[in-house]
Amino acid sequence: MTGRSCLLLGFFLLLLLAAAGCTTLSIGNVSYGAGNLTVTITNTGDPGDTGVQVRVYKLDEFTQHELLTTGTTVTLKGTENTIEIPLHLDTGRYKIYVYLTKNGQRETAVIRDITV
């Protein structure tokens with residue numbers, strides 16, 4: 001291998017390492033109160049529109065049943081963003097799946113257990 005091809009290969013490896021696992025979005029606290037699901041989103045990238053999809057499952061003993069799937073688009077402006085998604089949950093235990101997408105690509109997702 002010549003010095004030039006080694007340099008080119010090294011450059012591509014550095015690019016690959018830099019891009020591996022990079023995400024500028026993360027999901028923090030997920031809570032429920034006053035008829036709203038509140039989700040905290042941290043955005044270390046550029047401000048812009050982000051898709052938020054939420055799936056809610058009701059937990060009963062050893063089973064879970066999907067109650068609803070909802071989604072919205074939000075504009076993230078700063079580093080810390082709090083969004084509220086209106087929905088009604090009865091008293092009980094729930095599993096909440098939250099997905100964030102940008103430009104049609106899933107950026108991150110979390111699963112949270114909450115009790116109402």
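Me: Which residues does V54 touch, not counting residues up to four places away in sequence?

Reply: Contact means heavy atoms within 4.5 Å. On that basis V54 touches L37, L68, T69, T70, I85, I96, Y97 and V98. This is a predicted model, where local features need pLDDT of at least 70, side-chain atom pairs count only at pLDDT 80 or more, and totals for chains, interfaces and linings use all residues. Residues are numbered from 1 along each chain as its sequence is written, and side-chain values use heavy atoms, leaving out hydrogens and water.

Me: How many residues has the largest nonpolar core?

Reply: A nonpolar core joins buried (under 20% relative accessible area, 1.4 Å probe, protein chains only) Ala, Val, Leu, Ile, Met, Phe, Trp, Tyr and Cys residues through side-chain atoms within 4.5 Å. Here the largest has 21 residues, and V52, V54, I96 and V98 are among those with the most contacts inside it. Strand 6 (93-102) is one of the elements giving two or more residues. Its share, 4 residues, is the largest. Strands are DSSP runs of E, at least two residues; helices are runs of H or I, at least four.

Me: Is N43 buried or exposed?

Reply: N43 is buried, at a relative accessible area of 3%. N43 is found in strand 2. Its side chain reaches the backbone oxygen of D46 at 3.3 Å.

Terms used
Buried means under 20% relative accessible area, exposed over 50%, partly exposed in between (1.4 Å probe, protein chains only). A polar contact is a pair of N or O atoms within 3.5 Å; within protein, one must be able to donate a hydrogen and the other to accept it, and residues adjacent in sequence count only if both atoms are side-chain atoms.
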